[in-house]
Every structure is written in structure tokens, then in C-alpha cells.
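Open the model in your viewer and keep the selection panel at hand. The stops below go from one selection to the next.

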Amino acid sequence: ARLMRECGEELAGRFKGAGATKIVTAPVSGLLLAQPMAAELGLPFIYTRSAIPATFTGMETLQVTSQSHTTGKPTTHSILKDYLTPTDRVIIADDFLATGRTMLALAELVTNSGATLVGFASLMEKSFERGREVVAEAYPDIQIEALVDITQKVDKLTDDIVVCR
């Protein structure tokens, strides 16, 4: 818990001047980063839902779909439309930045709401998968931060060195 708090505090510090009002993340792993960032910045955080729960019945929702890097299957990200407003300034937080697909889907959700996207935060970036390049091409003026950059793929479980920058 202490390590995640310190990671969240470090990333939050990198966005102190962004004027963020909310953090958006994808469950479940993104919650580990979004919660301590939100606590450090004094902001609420919103996690998307993969399915519209019965409690959302009759309420207007926003939805986008992305291809999961982990499962290879489509993943739906849903929130209530009222959760984000045009006055909101949003940081997207997730555990990994790999291909960029999840970050782009969450960015689409944010922009579809009319809110302003101010940053992308991740614990780890797999730069060999070029997700940062994909995200930066779509959002060239938006800050992208990661605490660890994994620069090459480790092919065997017996490898005990991961090259980080």
C-alpha cells in the first residue's frame, strides 16, 4: 500500500500545474494508481464500468470500446454522462501504457463528454510497444507521464533482468 501511495504521489506531483478536476481510470488495475493520485491532488476519480449496471437504468451514459491488450478481447468502458462536464479537466490514469488502446478509448470518453483532457499517467510504460507514440500522435499537446519505462520484452520467465530506462 505504501509503494502505491508513493507512486501516486509522484505522478500527482507531475500534474500539479495542470488544473485537473477529475481523474478517470479503467478498472481494476487502474484503481491502484488513480486512488492515490486523486488523494494527493484532492480530486475525485471515476472508474469506467465494463457493463452498464442496473443502477444506471434510465440514465444517460457514455460508452467506448477498446481492444484489451491483456485478453485480446473488446472491452467496453461506460460512465454516467453526468460524471464529466464541459468544465472538467481530466487526467487519465492506468497501470500500463503498452499499445495505447485503453488510453485512447478513455480519452475518447473524456472528449465525448465535452471535458478537457490534460494528461495521461501510468505506472509503467512498455516503450517497445510504442503506445506513447500512438497516444502522442492523437494528442500531441497533452502531457504523458510514466514512472517506469520497460524498454524491451522479456521472453522467458527465467530471465531475471528487465531493462528499464
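**Across the strands**

Select E125 and D149: E125 stands opposite D149, a residue of β7. Bear in mind that this model is predicted.

Now show β6 and β7 as cartoons. The two run parallel, and seven bridges join them.

Five strands make it up, in the order β2-β1-β5-β6-β7, with parallel pairing. Look at the edges next: β2 (45-47) and β7 (143-150) each pair on one side only. Look along the sheet for its twist, which averages 20° from one strand to the next.

**Helices on the sheet**

**Into the cores**

Switch to side chains. The largest nonpolar core has 23 residues. Which of them touch the most other members? Select V24, L84, I92, V110, L117 and F120. Colour by element of secondary structure: β3 (61-67), β5 (89-97), α3 (101-113) and β6 (116-126) each supply at least two residues of this core. The largest share, six residues, comes from α3. In soluble globular proteins, nonpolar side chains tend to be buried together.

Centre on I92. Set aside its neighbours within four places in sequence, and its contacts are V24, M103, L106, A107, V110, L117, G119, F120 and A121.

Then move to a second, separate core. This one has 16 residues, among them L11, F15, A121 and L123.

**Rings and charges**

Select the aromatic side chains. How many aromatic pairs does a search of the whole structure find? The count is one.

Next, pick K126 and F96. The charged end of K126 sits over the ring of F96, at 4.9 Å from the ring centre.

Go to R130, in the loop between β6 and α4 (131-138). Check its backbone: phi is positive, about 65°, although R130 is not a glycine. Most residues other than glycine have a negative phi. Is R130 buried, exposed or partly exposed? R130 has a relative accessible area of 48%. Exposed needs over 50% and buried under 20%, so R130 counts as partly exposed.

How values were computed: Residues numbered from 1 in each chain as written. Predicted model: local features only at pLDDT ≥ 70, side-chain atom pairs only at ≥ 80, totals over all residues. Heavy atoms only, no water. Core = buried A, V, L, I, M, F, W, Y, C linked by side-chain atoms within 4.5 Å. Buried < 20%, exposed > 50% of the residue type's maximum accessible area, 1.4 Å probe, protein only. Helix = DSSP H or I, 4+ residues; strand = E, 2+ residues; numbered from the N terminus. Contact = heavy atoms within 4.5 Å. Phe/Tyr/Trp six-rings, centres within 6.5 Å; stacked < 30°, edge-to-face > 60°. Lys NZ or Arg CZ within 6 Å of the ring centre and 35° of its normal. Pairing = 2+ DSSP bridges. Axes fitted to C-alpha atoms, helices over the stretch in contact; angles between N-to-C directions.
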